[in-house]
Amino acid sequence: MQAEEISNWLSFLKKTTLFSTIAAEDLAKIAPLFQPLSLSKGSTLFQQGETGDTFYLITSGRLRMSVAEDGRERTTAYLGPGDSIGEMSLLTGEPRLFTGKLETTCEFLILSKQDFDKITRANPSILLHIARILSKRLLSSSESTEAASRALLPEIFGVLCALDRQDRTLFCTNLALNLTEQTRKRVLLVDLSQGGGEIAAALGLKAAPAEQMILREEDFRDPDILRRIGAVHPSGLEVLTLEPKIFTGRLVEGLFLLTNLMRETKDFVLFCMADVLGDVEKAFLQEMDQVILVNTPEQIVQQSQLATNLKAMFGNTKKLAYVWLGDRQRFPSDINEKSTEIPWNAAIKENFQRSGSPFSALIPFPKTQRAIERLCRNIARLKVGLAMGAGGALGFTLLGIWKTLQKANIEADVVAGTSIGSLVGASYCAGIPVEETIEKAHQVNKTWLYKHIFLDMTIPRSGLLGGVIFLRFLRSLFGHIEFGDLEIPFACAATDIMLGEEVVLRQGRVAEAVRASCSIPIIFQPFLYRGRFLVDGGLINPVPTKLISQMGADVLISVNLTRAPGQRRGMHFKKPEGLELPLIHTLRGPHIGDVLFRMIYTMEYEIAQSHKDLAHVTLQPDVRRFSWTEFHRAKELIHVGEQAAEDALDKIKDHLPFLADTCPVPLRRPGWKRY
């Protein structure tokens, strides 16, 4: 290295753990031995088992460490600037214990064992000092490795919009503002579009695009550069405008340093881009963790071609995610499950043109606002899942829980239900107001049950009730809605009575799926659904927590309506007083229906207990005073559900940053989103 470079790196070395306590004169002897090294994203630094003869100090970028165990690769840690790898190679030259692969383009300072041996022979104190530091690090490494591998990493997203300029500004601005609110973390929005500046202007920020002459003088390793060339919105969102045309010469070569700096100093970075890609845009995209393609139904051909080009560029389809804006009826029929659908129409842009505020433009469109919030929770790995369990009439407590969570601004992003939980869950996901659902529940009495349930008596071959009238009731609620038409992703569990296995229903008409999930054995005939005879899902999965996890939920909230046998109403039979005549004793005991259903619910309780630790928060309403058949007590049960949700709110809020009491980013206030 040149003398100027050595001087620059000396200050960096002093800040690292390994060299921070070495005497200045000793460090001055070591620094000239280091050599700079740059490697592109995706490169392998070394493989597990290779002979180690080089020490690496990361100056920029991110490195993933992994180990091969039983034929599988397990991530052990992520390393960044200031971290070092290969210290033992300097002392012993032993084989590498891990594989190091570049998650981003990286810069290193490297030191060979041969050069290190030269300096330590002349200065033994350096060797002794480094050996002491390494012994301390080895003692703590076993404790820190697992935690490091679980850490939430900063992420950079390219938001590639096949939209006109105003729609692009509207979408990206609302996405960034909501991501800031939902996560309470450091979010940077980068406007990387030709003739940029519209995003900053829409947010009321006086921030001109960064100039080439200024950037040429900046050090892309200096964290303060982002503050100098960007602007901060009152919400805490940081905004930076970069025009692609300014990146020429040295600026292109240092582009990865700028993205690495963003990764090191921010939690989430969103690059807002048009769908016309030049060399600069492609260079930035190479450094992204994920690319989100935002399209409208009118852009289906362009989207398909763009996706093909990006897949060829990345060679990894996992980097692509899809967002569709527009009328759901016009979305492609083969849209995949991982795509996000957001209602969008021309009136949103008209509101923006009148108000000048990107956030105010969405106020008349709550479904659009909720969909963007869900997308943000998905990006931030804060996706909320709600599992609604089985329990007959006890399921009315689910309505109280739904009402309380809604009042507390806690929205589910995915829902799964079993039996009565499938009925309530489907109503939730279909967008039926909770007040309307509660009003219907209050109408349930013996007359209602006779009209909608028991009027369907049939020849009891496989069940007392045919279920035709019940299905007619379900169709009056959901019509011909299919799972793909629901506002929120939904799944319900049923049981294949012939095979004794769980069946997860996520396709087809919702009413038929709920009918299958609610088919209590003996009461209802099994429901023939796509060639399978299905009964109540509670037989195998009474609390479908695992389902919401499989649907991608990060925060798992479950409602368990099962109770231990001794805690159920009517479970204890009084011992006959006076003469213990066998006939009287028998008549006071459980009848055949009691035996059957207590057997079913005892089994459900045991299954629920075996899975109780899957959820982050489990709500268990106190239903000891109620029976699963008491549908006429809806009002009381709803109140019990409200109380259970109130008691659990603090635990739920602990998992959701948006509801945290302490955070540097202020809560949503009308004052800073309307101008």
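The model is predicted, so local features need pLDDT of at least 70 and side-chain atom pairs count only at pLDDT 80 or more, while totals for chains, interfaces and linings use all residues. Residues are numbered from 1 along each chain as its sequence is written, and side-chain values use heavy atoms, with hydrogens and water left out.

**Exercise 1.** State how many salt bridges a search of the whole structure finds.

Solution. A salt bridge requires a side-chain nitrogen of Lys or Arg within 4 Å of a carboxyl oxygen of Asp or Glu.

**Exercise 2.** Describe the salt bridge between D289 and R263.

Solution. Step 1: the closest N and O atoms of D289 and R263 are 2.7 Å apart. Step 2: D289 lies in the loop between α12 (279-286) and β14 (290-295), and R263 in helix α11 (residues 255-265), so the pair ties together parts 26 residues apart in sequence. Here helices (H or I, at least four residues) and strands (E, at least two) are DSSP runs, numbered from the N terminus. Step 3: both D289 and R263 are buried. Buried means under 20% relative accessible area, exposed over 50%, and partly exposed in between (1.4 Å probe, protein chains only).

**Exercise 3.** Determine whether E512 and R475 are buried, partly exposed or exposed.

Solution. Step 1: the side chains of E512 and R475 form a salt bridge (2.6 Å, N to O). Step 2: E512 has a relative accessible area of 11% and is therefore buried. Step 3: R475, at 37% relative accessibility, is partly exposed.
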